Amino acid sequence: MNKMTLETYQGVAERAECLFDRLAVEAAFDRMAEVLDQRLATLDPIVLSVMTGGVVTAGLLLPRLRFPLRLSYVHATRYREGTQGGALEWKYRPSDIIRGEHVLVVDDIFDEGITLQEVVNACQHDGAASVTSAVLVEKERDRACDYRPDVVGLTTPDRYLMGYGLDYKSYFRNAEGIYAAADRDI
């Protein structure tokens with residue numbers, strides 16, 4: 001994991017634009033929870049947090065859900081600390097535990113859509129009874145894939161985002177808002 005100097009970190013933070021503050025993001029989590037309560041309340045799902053960005057989304061979403069659920073994770077990545085996606089790499093695929101189960105896949109962002117589409121396809125291939133997906137943020141952009149998440153908290157312009165689990169070179173996942181990195185930092 002590459003380390004950023006404090007000077008670089010502060011510069012990136014100062015140049016970033018806040019798209020959604022904490023209150024707007026928290027309201028989005030509340031809306032997502034209402035929709036998921038309606039869809040999954042009787043299904044006793046297994047929630048799969050997509051590592052690593054989905055950890056924050058799952059951590060803030062789960063306490064809002066009012067139904068029985070079990071938590072696990074899936075680890076598939078295309079970014080490897082960079083700002084451009086590459087080929088999907090599986091680090092953990094929970095094939096055995098989801099067979100015959102209803103699954104909720106939780107991730108931080110729906111960007112190109114390839115990672116989430118591959119995770120959902122893998123769950124279906126591995127025998128999940130049903131698969132629902134929820135993301136905190138969906139970028140407004142053209143995509144090569146046809147898949148779309150079932151539940152979306154916020155939509156944003158197609159910019160490089162950070163905060164609430166979204167990272168910029170492994171940093172800013174803890175930012176208290178959704179920020180767009182300045183063009184010069186991408």
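Predicted model: local features only at pLDDT ≥ 70, side-chain atom pairs only at ≥ 80, totals over all residues.
**Helix α5 and its surroundings**

- Within α5, the residues Thr-115, Leu-116, Gln-117, Val-119, Val-120, Ala-122 and Cys-123 are buried.
- These buried residues of α5 pack against the strands β2 (46-51), β3 (70-77), β4 (89-92), β5 (102-110) and β6 (130-140), and also against helix α4 (95-98).
- Just after α5, Gly-127 adopts a positive phi of about 95 degrees.

**Aromatic pairs**

- The count of aromatic pairs comes to seven.
- In the pair formed by Tyr-9 and Tyr-171, the ring centres are 5.9 Å apart and the planes stand at 65 degrees, and since planes over 60 degrees apart count as edge-to-face, the pair is therefore edge-to-face.
- This pair links distant parts of the chain, since Tyr-9 belongs to helix α1 (residues 6-15) whereas Tyr-171 lies in the loop between β8 (161-162) and β9 (177-180), 162 residues apart.
- Tyr-9 is partly exposed, with a relative accessible area of 26%, and Tyr-171 is likewise partly exposed, with a relative accessible area of 23%.
- Tyr-9 and Tyr-171 also belong to one aromatic cluster, which they form with Tyr-160, Tyr-168 and Phe-172.

**A charge over a ring**

- Arg-93 lies over the face of Trp-90, at 5.2 Å from the ring centre.

Methods:
Residues numbered from 1 in each chain as written. Heavy atoms only, no water. Buried < 20%, exposed > 50% of the residue type's maximum accessible area, 1.4 Å probe, protein only. Helix = DSSP H or I, 4+ residues; strand = E, 2+ residues; numbered from the N terminus. Contact = heavy atoms within 4.5 Å. Phe/Tyr/Trp six-rings, centres within 6.5 Å; stacked < 30°, edge-to-face > 60°. Lys NZ or Arg CZ within 6 Å of the ring centre and 35° of its normal.
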